[in-house]
Amino acid sequence: MSDTMLDDNIQLDPIVDVDDQTKRSTSTSPRSRRKVCIYALFASVLVALIGLNIKFILLLISKNANDQNVDIWRSLVISDGKNLYALETDSETPSLLQASKNGIAAFDVYSNETVLWNEWQSSTIQSVSKSYRSIEGTEIWRMQAIAFDQANKLFYIIDKSAGTLSVFDARAGIHGIVFSDLVRAHDLALDPVTGLVFVLQQYDSILRCYMDGTSRREVIQDPSVSAFAIDRETRFIYYARKSKGISVTDYEGQREMRTVKVFVEILSLALSHNRLFWTSLPNSSDTSNSELWSCNIAQVRCYNATRREISLRNPRVIKASAILRPFDNPCDDNADCDQLCLLSSNSSYSCACNMGWYLNPSSGTCEETISTLTYVQGNFIRAKHPNNLLKPFSDNMLPRSFYTETLIRKSSIDYTYGIDSFYISDDTAIYRLNKSSEAIDGDQKKIFSVGEGSLIRNIDFEVLNEYLYYVDESSTGERSIAALSLVAGEPARKSKVKSQVDVFLIGAFYSLIYSPNWDEIFGPQSLPNDHFSKKSRLRYFNMHELVSLDPSGDRLCWISNTSVTKIEYLHFNAVESKYFDRGVMDLPIMINPMSLAIGFDWIFIANFTGIWRFDRLDGHGAAQIAGYLGRDEKQMVSHAKIEFETPDVAESTVHVMCESFEEKRSRYEKLEALQRWYLIGASAVIAILLITLLIVAAVWLY
């Protein structure tokens, strides 16, 4: 009994082999090893994700964006025309900053954060950092230089071939032309604190104006000026004079002095940390290196000039970063502008408008332009607001380039406009350019050509029925009016209208045809059904073949045969076909007139020196509003016309009626913020998914 109780209540410990227990304690099972590996992997992935996300978030918040880990603040940015390079100021070996497929057209250094650049044959402004989104512009841009206004986030752009200085607000898609008459514009620089823009017209001058285009003047006039740079701190301009050295002057152009004498052709200048840098052409053609010069700046003078070779063949342009000093920006809070707020004189601001709009001086608001003065200058068609011609931001469109094949028998092209197109003619062909096209040449197409021996003269467009009229001159000198039907979607069809006519004038609701040989005027008549069958004759002679209708006063005007400084006119009744009240007005001066146009309060006459404006009623108040660019005869003005749009046509050509510019800017800023948070959220989601996978793997193993 006692033995049984003992057996039931006493639990004996198992017999343990001491040596085996020692072995087990010094070894690890496969499950334990997997556990340790998973913990280590989990910890390493978590640390890596936290580190990457912190770096990524800080990068997005600060936008200190340099994907190549280059210290832009202490480097020079160099373009050889193909790629962008960064060169530390005391180094000889540049590092590749941005490769380009078609070549670098223009670039600017944005503070110490990134470099903004544009490629040839591209309308996009890009950044070397992926933290800045690309900016889509218009294909008509052919950028020679760009500068970024850090204070108001605006781009200033130079188009050398068109001679324009433009300002572009990428947030709202607003683009205005400050000037369109620059001469060989090559480079520009901004100083937002003073509100100034400087433009280098290479081998001509340096211009200065405020960012709103006012107070424009030349601070340097020198046919040898080849490069320049500004010092925002001391407010001085350093400029190179080809092979004569480097000079310096203040912003007013009054304290000019030579700071260093060099005997090389200087390509570009840059200022960085009280040092002046410049590049020159290589000494020989068989080396891959070029020379970089520098000197220390003290009291606006250059000391200890040195040179060194850098491993870059052709450093065309060098630039350095410049930090924007804090200042009271009037465009931050107080500006009440519809579209563009631009810095002006005395720490003030002014408003400007997008192309196709003009600033109403009484209300200060932007209003849509209905009528335009269009003219041909060189191989460009340009357009301005008739009442704003002598002020900045008067251009209504980007200049459109065109080409001709044969121009021998005529002294200049003939030109007119239609509803959505421009039309030009050389000796034997008529071409159409699309107004709304963003292509540089407006998608120019040849729509018609005459036979061998014939010559096209004096084209004009009739809006209501879409007929293009022209004078067809045969090889024997006989002239006749012909019409082309230009109905959309149909090929151009020619029909003969009237024989033995020299010049004609087509209006929207009537026509006038005149012939010096007949000494009479035919018209006004309906178009095109009657085809000039009705006649109202008047004794008339005009050797200059220039005539224009005054749309506001039912008045016909022409250059007098007795003197080119006189305009003869007569009033007429378009309904009764009666003429009355003939008169003459004197012009102060006029030489070799080429075209005559009347619109608003002005008479516009184009000749080889430019476009001249006179008062519509008495011929007084003469002013030259456009001249040939760069004193180059190839850039002379040949034709000027007033383009009137009916309200229906105007409404159909407005591209921004459904949405205000302020709404565009607000949407752009919201999209930018949304993109930033989207990237942060995407990074967080990826991190959470990876952590979840690790946890699932750990649970599955156990």
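Reader: What makes the link of Cys 353 and Cys 366 left-handed?

Author: The turn about the S-S bond, which comes to -90 degrees in this predicted model.

Reader: And why is that pair called a disulfide?

Author: The two sulfur atoms sit 2.1 Å apart, and the cut-off is within 2.5 Å, so Cys 353 and Cys 366 form a disulfide. Cys 353 lies in the loop between strands S26 and S27, and Cys 366 in strand S28, so the pair ties together parts that are 13 residues apart in sequence. Both cysteines are buried, too.

Reader: What about Cys 295 and Cys 302, how far apart are their sulfur atoms?

Author: 1.5 Å, and they form a disulfide; the cut-off asks for within 2.5 Å. The angle about the S-S bond is -130 degrees, and the link is left-handed. Cys 295 and Cys 302 are both buried.

Reader: How many disulfides turn up in the whole structure, then?

Author: Four. If you number the bonded cysteines of the protein chain in sequence order, they pair as 1-2, 3-5, 4-6, 7-8.

Reader: On to the rings: why is the pair of Trp 278 and Trp 293 called stacked?

Author: Their centres are 6.0 Å apart with 15 degrees between the planes.

Reader: Is Trp 293 buried or exposed?

Author: Buried: its relative accessibility is 13%, and the limit is under 20%. Trp 278, at 0%, is buried as well.

Reader: What makes Phe 448 and Tyr 470 a tilted pair?

Author: There are 50 degrees between the planes, at 5.7 Å centre to centre. Stacked needs under 30 degrees and edge-to-face over 60, so an angle in between counts as tilted.

Reader: And how do you know that the charge of Arg 216 sits over the ring of Phe 179?

Author: Its charged end is 4.4 Å from the ring centre, and the distance limit is within 6 Å.

Definitions and conventions
Residues numbered from 1 in each chain as written. Predicted model: local features only at pLDDT ≥ 70, side-chain atom pairs only at ≥ 80, totals over all residues. Heavy atoms only, no water. Phe/Tyr/Trp six-rings, centres within 6.5 Å; stacked < 30°, edge-to-face > 60°. Buried < 20%, exposed > 50% of the residue type's maximum accessible area, 1.4 Å probe, protein only. Lys NZ or Arg CZ within 6 Å of the ring centre and 35° of its normal. Helix = DSSP H or I, 4+ residues; strand = E, 2+ residues; numbered from the N terminus.
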